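Please open the structure in your viewer and keep the selection tool at hand.

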Amino acid sequence: MADMSRHEGEVSRAQGTAATEEDVWSRYTTSVSRWQQRVKTSPRRPGNETTTNLSGLETDLLGLPDPNDLSEQGLERYLDQLGLPGEYPFTRGVQSNMYRGKLWTMRMFAGFGTPEDTNRRFKYLLEKGQTGLSTAFDMPTLMGYDSDSDWSLGEVGKCGVAISSLEDMERLFDGIPLDRVSTSMTINSPASILLAFYISVAEKQGVPSHKLRGTLQNDILKEYIAQKEYIFPPRESVRLITDLIEYCTEHLPLWNTISISGYHIREAGSTAVQELAFTLADGFAYIEACLERGLDIDAFAPRLSLFFNAHSNFFEEIAKYRAARRIWARRLRERYGAKSPRSWLMKFHTQTAGCSLTAQQPENNIVRTALQALSAVLGGTQSLHTNSMDETLALPTEKAVKIALRTQQIIAHESGVPHTIDPLGGSYFVEALTDRMEEEAEKYFEKIEELGGVIPAIEQGFFQKEIAAAAYRYQLEVEQKRRIVVGVNEYVEEETEPIEILKIPEEVEIKQRERIRALRARRDNAAVRKALDGLRRAARDGTNTMPHFIECSRCYATLQEQMDVLREEFGEYRETYAF
Amino acid sequence: MASSSQPERKIRVLLAKPGLDGHDRGIKVVAATLRDAGMEVIYAGLRQTPKMIVNAAIQEDVDAIGLSVLSGAHMVLFTETLKLMKEMGCEHILLFGGGIIPDEDVEKLKAAGVGELFLPGTPSEAYVRYIEEEVAKRRRDAHP
């Protein structure tokens, strides 16, 4: 490779020196050669785009240290802490040629109103160039209630799409071939049921489960910690997740079973270090639950994925992602004994920070989102959602969401940034910050262990108190103008020109209520009862619940009917509040 | 006003999240702020029905109820709470709130009897002062 020959020459010049240095030198040259070989056999992006910069110079694929500049210890440190892309500890990236091989997936979170409304928005986004689907469900769906429940009054279709049954799911994916898209679904307590719906829709399309690609959020621990969409108590919830991971490991090998999330922890007000530490701690807790079940780590770990926030402090975020990859790789290999590199590498989705957006002067949010998206790309994300400028006011309009998508496309095609892997690697500042984030996270891991682990720590309110304190501290900083938020505590404008926002008509709730009632009347209710009984038995006797969710879904048992069985069997979690 | 030998009763505020919305960052910051401003705060938490909220307000003998709704269900939830407050004879209690509420809905709710609704970016002194002034006014009106 043109950009590597410079390094090769320098390395061979250095090789004539002392014996101990030669070991490190050989390790280094071997690593570099190994990486070069991997790059040769890595995928290439289709199309004609050049990787020369605007001066016509070929852009370096990877910046590497000049070995002559480093001592033996320095080179040792480089290999241990950073390594090469696509190789343990993956600090510099999980793929060997990163975005030259494949751009991150542009996956815009979308959902509102009726399934048809969201189906239209999905198709709009695909037409505008997004490369993966991401589904937002309404509060009733997230909380396991049908559209006609008393709890659903005023809530149907307001913050996401209303899905009460397989029939709604069929409407949602009408005209979208599930063997040709990958779909992320942001759903937690009822995650297994939504996956069952998805599998059933695919079945009707003639697509077998083993071809399905996508991700389920399915991360209940962060619900107790931050997003508060928990329903059942923690251990029963983790059991459902383990059932799903076990089932998917066998039947849906291309499906990411869980999206271990820091996004919501950050949105609730945590610091970046807390986001890093609490997310990874949750991940380790799930791994331990699966190992306790007797699952083979190298069978399920490759399909675990993560989900981080991209907040405003540019370099802090980049350091966070790099530290996360390194911590994950080390734990998976050293502590959990994973043998496969595919188990060690941490893949993640990123969303730009909703909590950083302002209702004042909303167009400024376009800029915030762009900078945050750039930090995620510099941090090596596999998938990215960019927020729309109007999201402090409502769900995004078509105009706003298009700008958000174009933001990603401009970064991808105009900035030149994707042509180089981990371009900030080796920066004194970024490497020191990466190390520091890792150290701080380790302190939290120790604390969590002292408390007995993640679930005991949740029960003691540890995470919740840390987050509430951080949120309060942040608010005081803003009020005291120690932290400037443009348009809010500085550069404030008195007049506001209202921007057009998305409104969800009341007809949505009326329509969805009618539909679910009609469905219940129309279907084979004896079959539904039988399927629900099967689910109840599995809930009680510990057999895997997934096949029962699928059977229930096929019979058109509603979301709430299935959830109510589990509410009866598992009970409902009661939080002790602290602020 | 009460005579100067009687200490002014601390303002008691019930804070709650009605409906299904679980986003509690804002309401917890408000709770801590009001507590630090010398008020007594009862945080009822998440998934409260309007009925649970009004019952708690009466039981706790509060001066004000603050509701946080970010889910878009604010019209139904605030309206129902107001209705119950009328039915259960606690219209003397100030009902205020915050969240993601479009301007036109803020107008509608205020016209129906809801107090101020504080939207994203509001500095804390705005709502602290509002509650202090409104509660003082209501106490004066109750004991002229």
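Predicted model: local features only at pLDDT ≥ 70, side-chain atom pairs only at ≥ 80, totals over all residues.

In general, nonpolar side chains tend to be buried together in soluble globular proteins.

Return to B:Val13 and display its surroundings: leaving aside neighbours within four places in sequence, B:Val13 is in contact with B:Leu34, B:Met39, B:Val41, B:Val62, B:Asp63, B:Ala64, B:Gly66 and B:Ile131.

## Chain B as a whole

Followed from the N terminus, the elements of chain B run β-α-β-α-β-α-β-α-β-α. The radius of gyration of chain B is 14 Å, close to the 15 Å that the globule rule gives for 144 residues, so chain B is as compact as a globular protein of that length. Along its principal axes, the C-alpha trace of chain B spans about 45 × 30 × 25 Å, and 45% of its 144 residues count as buried. If you draw the contacts in chain B between residues at least 6 apart in sequence, 72% of them join residues at least 24 apart.

## Where the chains touch

Bring chain A back and select the contact between the two chains, to which chain A gives 32 residues and chain B gives 27 residues. On the side of chain A that touches chain B, α6 (139-142) and α20 (462-479) each supply at least two residues, and the largest share, five residues, comes from α20 of chain A. Coloured by residue type, this side of chain A divides into 19 nonpolar, seven polar and six charged residues.

## A helix in chain A

For the last stop, select helix α23 of chain A, residues 546-554, in which A:Met546, A:His548, A:Phe549, A:Ile550, A:Cys552 and A:Ser553 are buried. Which elements cover these buried residues of α23? Among them are α7 (166-172), α8 (191-205), α10 (234-251), α22 (525-541) and α24 (559-570), which also belong to chain A. Finally, move on to A:Tyr556, which follows α23 of chain A and has a positive phi, near 70 degrees.

Methods
Residues numbered from 1 in each chain as written. Chains lettered and ligands numbered in written order. Buried ≥ 20, exposed ≤ 12 C-beta atoms within 10 Å, placed from the backbone. Helix = DSSP H or I, 4+ residues; strand = E, 2+ residues; numbered from the N terminus. Contact = placed C-beta atoms within 7 Å. Nonpolar A, V, L, I, M, F, W, Y, C, P; charged D, E, K, R; others polar. Rg over C-alpha atoms; globule rule 2.2 N^0.38 Å.
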